[in-house]
Amino acid sequence: MAEFSGGPYKRPFRFNIQCSSPAQVDARSWADLARQVEDLGYATLTVSDHLDEQVAPIAALMAAADATTTLRIGAMVFSNDYRHPVVLAKEAATLDALSGGRFELGLGAGWMTSDYERAGLPLDPPGVRISRLAESLAVIKGMFADGPLTFHGTHYQVAGLSGTPKPVQRPHPPIVIGGGGRRLLTLAAREADIIGLNMNMVGGVIDASLGPNATTAATEEKVGWIREAAGARWDELTLQVRIHLAIVTDNRGEIVEQLAAGFGLTTEQAYATPHALCGSVDQIVDDLVERRERFGISTIGVALDSLTALAPVVARLAGT
């Protein structure tokens, strides 16, 4: 891999917690959870956008913002196929305004086949969905800007519409786009502020077939695509990764061997994949520092079940 430096490699560590499926869904427990996330030093509470057993993102994020003072909130990520971009722009701007400028707008092309099948939604080929996402980004940014928007695209038509309210963060809240394929990462490099290095979800499910796309070699290739497409924007970008397995343990070797077997990786690949964290607190801290030096990854997204186990790691690294 070519030697890269600059922007992403200089960012301090931030930790996000995905809280889409809490154990209880009621006002008090959700507020308590948001305050716990804030107190433990996580930067952002995020909610995904699926049609299975999870909370709806917009209402949940606003409630989390209301319960906290500094915690940022974010969609990880809104599915572009579920909302017209004019509607989403208004929702996003309102979230940003009512949270005091703490919102992060994650947006994706849609990928989970079960969502589409169960809801009776048409699932277009990936290229069509990515093209639609590109137009959606143009519409959303246009709605955040001053003045009326007129847009004539293949997928969306907007005729002289002014977006209100305007977001507090200008020109817009941080835009987060993640991907595992070159076309989506190229779009992210040109349009997003935060880019998620994901496994390629073209199959519509998370299973062992994703293993080869989770290796260090695959990650290096993705960073190269982003660097090439970003051009002068490279120094402005932040790179993040979603951790799909996080275990604090003194028995690292046994867990890594199980991970390798389950995802079709060699033991060496399983130790090094940026999509997993396994080991003692010291080992995990060292791994994250090494991955930032190697890939430029500074924002780490973890699942709710890792909230307290990874808190010592967050305390050591957040902001450094």
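Residues are numbered from 1 along each chain as its sequence is written, and side-chain values use heavy atoms, with hydrogens and water left out. In this predicted model, local features need pLDDT of at least 70 and side-chain atom pairs count only at pLDDT 80 or more, while totals for chains, interfaces and linings use all residues.

Helices (H or I, at least four residues) and strands (E, at least two) are DSSP runs, numbered from the N terminus. Strand β1 covers residues 14-18 and pairs with β2 in the parallel sense over three bridges. Pairing requires that DSSP finds at least two bridges between two strands. Gln 18 stands opposite Thr 46 in β2. On the other pairing, β2 and strand β3 (residues 72-75) also run in the parallel sense, over four bridges. Here Thr 46 stands opposite Gly 74 in β3. The chain passes from β2 through helix α2 (residues 57-67) to β3, and this β-α-β crossover is right-handed. A right-handed β-α-β unit is also made by β1, helix α1 (residues 27-39) and β2. A crossover is right-handed if, with the strands pointing away from the viewer, the path from the first strand over the helix to the second runs clockwise.

Buried means under 20% relative accessible area, exposed over 50%, and partly exposed in between (1.4 Å probe, protein chains only).

Two packed helices are described by the angle between their axes and the distance between the axes. The axes of α1 and α2 come within 8 Å and cross at roughly 65 degrees. Axes are lines fitted to C-alpha atoms, for helices over the stretch in contact, and angles run from 0 to 180 degrees between N-to-C directions. The crossing of α1 and α2 is right-handed. The contact is made by Trp 30, Ala 31, Ala 34 and Arg 35 of α1, together with Ala 60, Ala 63, Ala 64 and Ala 67 of α2. Contact means heavy atoms within 4.5 Å. By class, the contact of α1 with α2 has seven nonpolar, no polar and one charged residues. Ala, Val, Leu, Ile, Met, Phe, Trp, Tyr, Cys and Pro count as nonpolar, Asp, Glu, Lys and Arg as charged, and the others, Gly among them, as polar. A crossing is right-handed if the near helix is turned clockwise from the far one by less than a right angle, and left-handed if anticlockwise.

Leu 161 is found in strand β7 (residues 157-161). Leu 161 counts as partly exposed because its relative accessibility is 36%. Not counting residues up to four places away in sequence, Leu 161 touches Val 86, Met 143, Pro 148 and Leu 149.

The loop between β7 and β8 holds His 172. His 172 counts as buried because its relative accessibility is 15%. Pro 171 lies in the loop between β7 and β8, and a cis peptide bond joins Arg 170 and Pro 171, with omega about 5 degrees.

In helix α6 (residues 182-191), the buried residues include Leu 184, Leu 185 and Thr 186. The buried residues of α6 pack against α5 (126-144), β8 (175-179), β9 (194-197) and α7. Thr 216 lies in helix α7 (residues 216-230). Thr 216 counts as buried, at 16% relative accessibility.
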